[in-house]
Amino acid sequence: MKWINHQIVTGFIVSTATDDAIFTASAIAGAVLPDKVEGSPPKENKAYWKWRKSHRTWSHYPLIYIALIAAAQFSKTLIPDSYFLIPTLITYALIGALLHIAEDGICGKVPIFTPSKKYGIKLFKVGSRSEYFFAALIILICLFARFGDIDSLLNLLNF
Ligand SMILES: [Zn+2]
């Protein structure tokens, strides 16, 4: 999935679930994290294939992000109440990263149990029209979940 669609889909899901702009912004920032930690693909052919081989392995291993969420939550027991927002924002950024992995899992393969063995279902090709259709579908589902019934949704969209 393209970064812009990762950010849009993740943003709508977290916004619908939390109704909070700051948590949503954090999740959107985290929505590209698993790709960012890999760095950009090298231009040189041999280096590219070496990079490609480890693409979507450790960087897309969900257990790392789950452990970091647990650590962020645990840190709340050690810090004063006034700093609670920081671990919460980190948690939402990591949730954004987990959603990124799930989104990659429907257009390719990602690790689940171990970093090297990957699973996934290829619903569409990255950057294809189907990807944008999928993103639009998620947006509609989120809007429907948020506004409840089809009439208020159509009203909102000015139909
Ligand atoms: Zn990715």
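This passage describes how helix α6 packs against two other helices, α5 and α1, in a predicted model. Local features were taken at pLDDT of at least 70 and side-chain atom pairs only at pLDDT 80 or more, while totals for chains, interfaces and linings use all residues. Residues are numbered from 1 along each chain as its sequence is written. Helices are DSSP runs (H or I, at least four residues), numbered from the N terminus.

Helix α5 (residues 62-75) packs on helix α6 (residues 85-104) at an angle of about 165°, and their axes are 9 Å apart. Axes are lines fitted to C-alpha atoms over the stretch in contact, and angles run from 0 to 180 degrees between N-to-C directions. The angle makes α5 roughly antiparallel to α6 (over 145 degrees). Their crossing is left-handed (the near helix is turned anticlockwise from the far one by less than a right angle). On α5 the contact (C-beta atoms, placed from the backbone, within 7 Å) involves P62, Y65, L68, I69, A72, Q73 and S75, and on α6 it involves P87, I90, T91, L94, A97, L98 and I101. Eleven of these residues are nonpolar (Ala, Val, Leu, Ile, Met, Phe, Trp, Tyr, Cys and Pro), three are polar (Gly and the others) and none is charged (Asp, Glu, Lys and Arg).

Helix α1 (residues 3-18) crosses α6 at roughly 120°, with the axes coming within 10 Å. The crossing is right-handed (clockwise). H6, V9, T10, I13 and V14 of α1 meet Y92, I95, G96, L99, H100 and E103 of α6. Six residues of this contact are nonpolar, four polar and one charged.

Key. Angles under 35 degrees count as roughly parallel, over 145 as roughly antiparallel, 65 to 115 as roughly perpendicular and the rest as oblique. Two residues are in contact if their C-beta atoms, placed from the backbone, lie within 7 Å.
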